[in-house]
Structure formats: structure tokens, C-alpha cells
Amino acid sequence: GSEQPMFVLQDQQKLRLAIMVPEAVAAYIKPTTNISFTVKGLANEKFTAFAKRFAGSLDTRLRAERIEMDIINKDRKLLPGMVAEVYIPTAAIDSGFIVPKTAMVNSSEKIFVIRITNGKAQWIDVKNGREADGKVEVYGALSVGDTLVLRASEEKRNGSAVEKLQLTGSR
């Protein structure tokens with residue numbers, strides 16, 4: 001009369017790692033993608049797996065795709081139920097720049113940065129990429145050497161004059 005099974009049969013030589021991959025990263029993972037992971041119990045060791053099964057749709061609550069990997073575990077170092085920290089390599093798109101998140105404006109109409117051209121604000125439409133540590137990748141009509149407004153907002157209108165900050169005094 002118990003809800004618990006009398007015993008559980010496990011094959012510890014071949015394990016399955018299931019992860020939920022955020023929508024923004026899911027497109028980077030292919031069946032040939034080499035995914036590495038660690039587990040807390042074996043902190044100095046890095047393990048690898050290849051993506052085998054893809055859900056093909058996003059979980060509506062998490063906005064993430066379930067991806068499963070098979071792991072050959074002949075030495076039985078890994079145990080079923082261990083929690084893995086997964087590292088997913090994501091290829092960068094060419095011609096992207098990394099800017100402080102404060103330099104990007106995400107308005108209801110569009111996403112843009114403000115470039116200073118001849119002392120005037122110029123809104124440059126961008127697409128945002130990966131984010132980490134207060135920085136974000138942006139893709140758009142930007143060039144090396146462009147000067148951007150560090151704390152951009154919709155209040156700095158396109159074409160308006162932008163004052164340059166001039167430092168005075170000594171260190």
C-alpha cells in the first residue's frame with residue numbers, strides 16, 4: 001500500500017543530463033555542440049557532453065527549451081541526482097560591440113544607443129545580445145572610435161546638442 005517503489009534500478013554507466021536553456025541562448029546549441037559541466041562534489045573536474053535531444057519548443061513559464069545530453073560514466077564518478085553547473089559556448093556575431101548597459105536605451109518603440117556626432121545626439125538602432133556584469137553586446141551601425149553617451153535615455157532627443165564633460169583640477 002506504499003506510494004514509494006520497492007526498489008529503483010539505475011544504469012550508472014550512462015547518465016542523462018537535462019537542462020533548461022534560456023530562449024536567447026537556445027539557438028546557439030546544435031547537436032555537435034560540446035557542452036562542459038562541473039558538479040560540486042568533484043569541483044576540480046570538468047566533464048563534457050553533447051546535446052542529443054531537443055524539446056523543439058519553449059516552456060511557456062520559463063521561456064526556455066529543454067535539452068538532454070547522454071553522459072558516458074564508466075568510472076562511475078558521477079551519481080544520479082547530482083546537480084551540474086553547465087557552461088554553454090555561444091558564438092559571437094561579427095561586428096558587435098560591448099557597451100555598459102546604461103549606454104543602451106530599451107524603449108517601447110525600439111532599442112538604441114546615442115552616438116555623439118559633431119556635438120549632437122544621434123540615435124543608433126541596435127539589437128542587444130548577451131549580457132553580463134553590467135555590460136551588453138550591441139549590434140548596429142557603429143564603428144570603432146564612435147563616442148557614445150554613457151547614461152543614455154529618451155530625454156536626450158535625436159539631433160539635440162550634447163554637452164561634453166571637461167575635467168579640471170589635479171588628481
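## Strands β3 and β4

Phe50 has Asp70 as its bridge partner in β4. Strands here are DSSP runs of E, at least two residues long, numbered from the N terminus. Strand β3 (residues 47-54) and strand β4 (residues 64-72) run antiparallel and are joined by four bridges. Two strands count as paired if DSSP finds at least two bridges between them.

This is a predicted model: local features need pLDDT of at least 70, side-chain atom pairs count only at pLDDT 80 or more, and totals for chains, interfaces and linings use all residues. Residues are numbered from 1 along each chain as its sequence is written, and side-chain values use heavy atoms, with hydrogens and water left out.

## The five-stranded sheet

Five strands form an open sheet with antiparallel pairing, in the order β1-β4-β3-β2-β5. The edges are β1 (14-22) and β5 (84-87); each has a single partner strand, so one side of each lacks a neighbour in the sheet. Neighbouring strands are turned by 40 degrees against each other on average, direction ignored. The axes are lines fitted to C-alpha atoms, and angles run from 0 to 180 degrees between N-to-C directions.

## Arg115

Arg115 sits in strand β8 (residues 111-117). Arg115 is buried, at 13% relative accessible area (buried: under 20%; exposed: over 50%; partly exposed: in between; 1.4 Å probe, protein chains only).

The Arg115 side chain makes a polar contact with the side chain of Asp146, at 2.9 Å. A polar atom of the Arg115 side chain also lies 3.2 Å from the backbone oxygen of Ala141. A polar contact is a pair of N or O atoms within 3.5 Å; within protein, one must be able to donate a hydrogen and the other to accept it, and residues adjacent in sequence count only if both atoms are side-chain atoms. Leaving out residues up to four places away in sequence, Arg115 touches (heavy atoms within 4.5 Å) residues including Lys120, Ile124, Leu142 and Leu148.
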